[in-house]
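Student: I am new to this structure and would like to learn how to read its features. Please take me through some of them.

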Amino acid sequence: MQLRLRPPTKFWLPKAGNSAEEYEDALSVVYPQQIGAAGRSAARASVADGASESAFAREWARALVDSFAAQPPELTGITGESLSEWLAPAQRKWYDSVPWDRIPWHGEAKARQGAFATLLGLTIAAAPHGSQGLSWQALAVGDCCLFIVRDDRLALSFPIEEASQFDNNPALICSNPDNAGDLWKAVRRHGGECEAGDVFILASDALACWFLAANSAGDKPWETLAELDSSNWAGWIEEQRSAGLMRNDDTTLVALEVV
Amino acid sequence: MPYAADISRNNPGCFLFLIDQSGSMSEALGGQPELRKMDGAADAVNRILDAISQRCSQGMDVRDYFDVGILTYTTDSSGNPEVKAALPGTSPEQPFLTISQVVESATVEDRKVKEPDGAGGLVEVTRKFPVWLRPQARFGTPMCSALIQASQALQNWIADHPDSYPPMVISVTDGAAGDGNPVPVAQEIMDLSTNDGSVLVYNAHLSAMSALPVQYPADESDTPPDEYAVQMFRMSSAFPDSVVELAAGMGLPVTQGSRGYVYNADMVALVQFLDIGTRAASDLR
């Protein structure tokens, strides 16, 4: 039987104290009726987290996930060079979004430096050779995480595996190509075959850290997330924050189930 | 867990500057005869406030992650203490503005500076410099009166922000208190606390002696030979573990037990010793 995806779950909430306009994560999901072999015919989801200390970070996170939705990079054969080429349109879009002639003094140096964001991108495409299967590919820079739940256990945690590995200095992609540093060194990739029943969860760092801590404690955090809907998501996040179980930060979740 | 409070608009941090404007601040700075101590003091405040503003900047706007106050102190010609709040619309009892109000109150000057041109040379560019405090120096040094005033202002702030990251006091002086021993008064300030830890007192010591600059010593024996250095070391808080970890990670000369004390040296790095969110990699200076 042909594997397919259920309609995705998407939730987000700004850091407590910030307005929706100040939310600096971003997400995109493209979910084609017929999943094809690659590129625009693949299903794709991405989550980016603009570094709160950089300027115009929200615009940069948005530009990254929009680029991923419009045309994801070719993940199988990706190189540092092809990644830089893939980033260029998003970098131009960010540059054009900055009102350079109106930036006040406190924002000048940061804007010149460029905005920074983490990115996690996932593509799910028809497996090659005409099989009925689906395969997945993921790319990560920084600490937005992909979890794969299979047979009621956490089968993959990528690129971070332990809650203790989160800090305030994740690898970041810069909107200014001159400040990109050795981005390729920071790129993590993974991929594999999909199985019926697989749940792919994409989470920005605060939620991912909560998820890994709960999993280590022997809980099944995916069951908790599966119970969330648009009516109880915000309240549930706020409860975790107040209880000190989740860092107060922009929070984003995308979940895809293979059936 | 102390010194772990989330610094956010709901739960802002706090900086209170204490600036010595007594007559001795008109002396030349050690090793930099073209600069007076009062120039160094105004420069320290302006540069630290610039750094705080930039850290809170999102590009167009500034997020109110901090409240900031400035108290200056001198005496009148008869020796009566004068402790004043320097930010517009504030008072010695309530010297604080939010950082966005502080940003609004800056006088912005264009200055020409030389920057690397990316090809190994330097190029002159015009950059904007915000100014809040101008150099001033006259009469006596009522440091104890200023510390007592600071203590009252901090008690008010803490009552309104019991769960915030503890206030940080940045005192800029040459150390010659004229109204008694300031150490016990500074100790009283360090004994004030929020639920997240005790108030941190940091000292930028400006001296006419041209000894080598000192940053963040951990031991009294590492202080410079200035007559007030030991006293000022004792008035300076040891950095909390979380700060030591962050600062050491930035490659700064901070070890376990290091105190918030610098001597004829830059203190702007202090602003980086706080977590307010995901850092941009090249911000780590």
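Student: How many residues does helix H2 of chain A have, and how far does the helix reach from its first C-alpha to its last?

Tutor: Keep in mind that this is a predicted model. A helix has an expected span, here counted at 1.5 Å a residue. Helix H2 of chain A, residues 80–97, has 18 residues and reaches 26 Å, close to the 26 Å expected.

Student: Where does H2(A) bend?

Tutor: The bend is at A:Ala88 and comes to about 35 degrees. A proline, A:Pro89, follows within four residues.

Student: Which residues of H2(A) are buried, and what covers them?

Tutor: A:Leu87, A:Ala90, A:Gln91 and A:Trp94 are buried. Their cover includes helix H1 (57–70) and strand E8 (173–174) of chain A.

Student: Which residues are buried in helix H3 of chain A?

Tutor: In H3(A), residues 105–113, the buried ones are A:His106, A:Gly107, A:Lys110 and A:Ala111. Viewed down the helix axis, they fall within an arc of 105 degrees, so they line one face of H3(A). What covers them includes H1 and helix H2 (99–104) of chain B. Just after H3(A), A:Gly114 has a positive phi of about 105 degrees.

Student: How many residues of chain B are in contact with chain A?

Tutor: The size of an interface is often given as accessible area lost when the parts come together. Here we count contacts: 25 residues of chain B touch 28 residues of chain A. On the chain B side, helix H1 (37–56) and strand E8 (122–131) each give two or more residues. H1(B) supplies the largest share, 3 residues. That side divides into 8 nonpolar, 10 polar and 7 charged residues.

Key. Residues numbered from 1 in each chain as written. Chains lettered and ligands numbered in written order. Predicted model: local features only at pLDDT ≥ 70, side-chain atom pairs only at ≥ 80, totals over all residues. Contact = placed C-beta atoms within 7 Å. Nonpolar A, V, L, I, M, F, W, Y, C, P; charged D, E, K, R; others polar. Expected span 1.5 Å × (residues − 1). Bend = angle between axes of the 7 residues up to and from the residue. Buried ≥ 20, exposed ≤ 12 C-beta atoms within 10 Å, placed from the backbone. Arc of directions from axis to C-beta.
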